[in-house]
Amino acid sequence: LRTSAVHGLLLRCIPTASCISQKPVLDNVEDAEEDSLPGVRIQRKSSVEHRTNTIVTEQEIGQWMEKETGMDRVRLMYSINNKGEFIQQETKELNTVLFQCFILGTALSVVMAAATVYARNKETQPSSTRTMLQGVPKKTKPFKGIIIESLKSTLRFTAFSTLLIHFSQTLAAYRNKSSVWEYAISLSLGCGLLGLGQGLKTCAKMSLKGAVIGTVGGYVVCQLLTFNGMNQEQNHLAAVIAHLREQKLQNHKVQDSE
């Protein structure tokens with residue numbers, strides 16, 4: 001039953017499944033034997049053997065998915081290579097989007113903080129009578145206030161973006177399924193986080209609105225991802241194939257060195 005499910009998923013991922021075979025097939029062996037130049041035959045046979053040794057079968061994919069857990073999928077999603085980079089291309093793209101959101105959020109936070117601080121200073125300007133009685137008060141430093149306000153807004157916006165982008169995908173990876181629930185939960189938590197400091201009632205209302213928006217938006221996103229072959233199930237299948245091929249490649253290199 002598990003193999004049938006994998007086979008059905010492979011049929012929906014034709015580009016991804018092009019490197020999969022039930023039985024490894026040798027290509028161009030006859031052409032390799034027809035070459036008479038020194039070294040050409042050996043190189044071609046070595047290339048054919050290399051491709052054969054990295055072919056992943058449906059049975060191997062089924063065995064891998066049978067024994068893996070939700071935390072295994074999360075670890076695979078955030079695995080790092082020797083260069084300190086994320087191995088999964090999807091994770092790199094998520095980090096790129098998160099960085100862009102951070103830059104945009106920082107710029108917006110500075111503008112909004114400047115407007116808030118200047119409006120606050122204008123409202124707190126003393127009257128002429130108070131100035132005559134108490135003297136001229138010390139000048140406040142608007143630049144310091146702008147920095148503090150912008151940092152607070154940037155942190156909230158970054159946390160919101162992280163919940164919406166990474167937390168939703170982490171839930172999807174753990175469940176190995178793309179659905180509206182990941183977006184509804186993430187957006188609800190994110191909007192609630194934005195409402196912190198405005199009262200518990202306001203925070204609850206924003207969380208509820210976030211859940212509704214996340215449900216509607218999540219449904220649209222899931223349909224688009226499935227249509228383009230980019231949902232969690234399809235992405236994880238491609239990741240498993242790449243991981244198994246990399247393992248076979250490493251084993252092949254070890255055998256060659258021995």
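Colleague: What does it take to describe how helix H9 packs against helix H10 (residues 200-227)?

Modeller: In this predicted model, their axes are 6 Å apart and the angle is about 145 degrees. The axes are lines fitted to C-alpha atoms, for helices over the stretch in contact, and angles run from 0 to 180 degrees between N-to-C directions. The model sets pLDDT limits of at least 70 for local features and 80 or more for side-chain atom pairs, while totals for chains, interfaces and linings use all residues. Residues are numbered from 1 along each chain, and side-chain values use heavy atoms, without hydrogens and water.

Colleague: Where does Ala 184 sit?

Modeller: Ala 184 lies in H9, residues 180-194 (a helix is a DSSP run of H or I, at least four residues, numbered from the N terminus).

Colleague: Why is Ala 184 called buried?

Modeller: Its relative accessible area is 8%, and buried means under 20% with a 1.4 Å probe on protein chains only, so Ala 184 qualifies.

Colleague: Which residues is Ala 184 in contact with, beyond four places in sequence?

Modeller: Gly 210, Ala 211, Gly 214 and Thr 215, contact being heavy atoms within 4.5 Å. Ser 168 is 16 residues away in sequence and 8.7 Å away, C-alpha to C-alpha.

Note on methods:
Helix = DSSP H or I, 4+ residues; strand = E, 2+ residues; numbered from the N terminus. Buried < 20%, exposed > 50% of the residue type's maximum accessible area, 1.4 Å probe, protein only.
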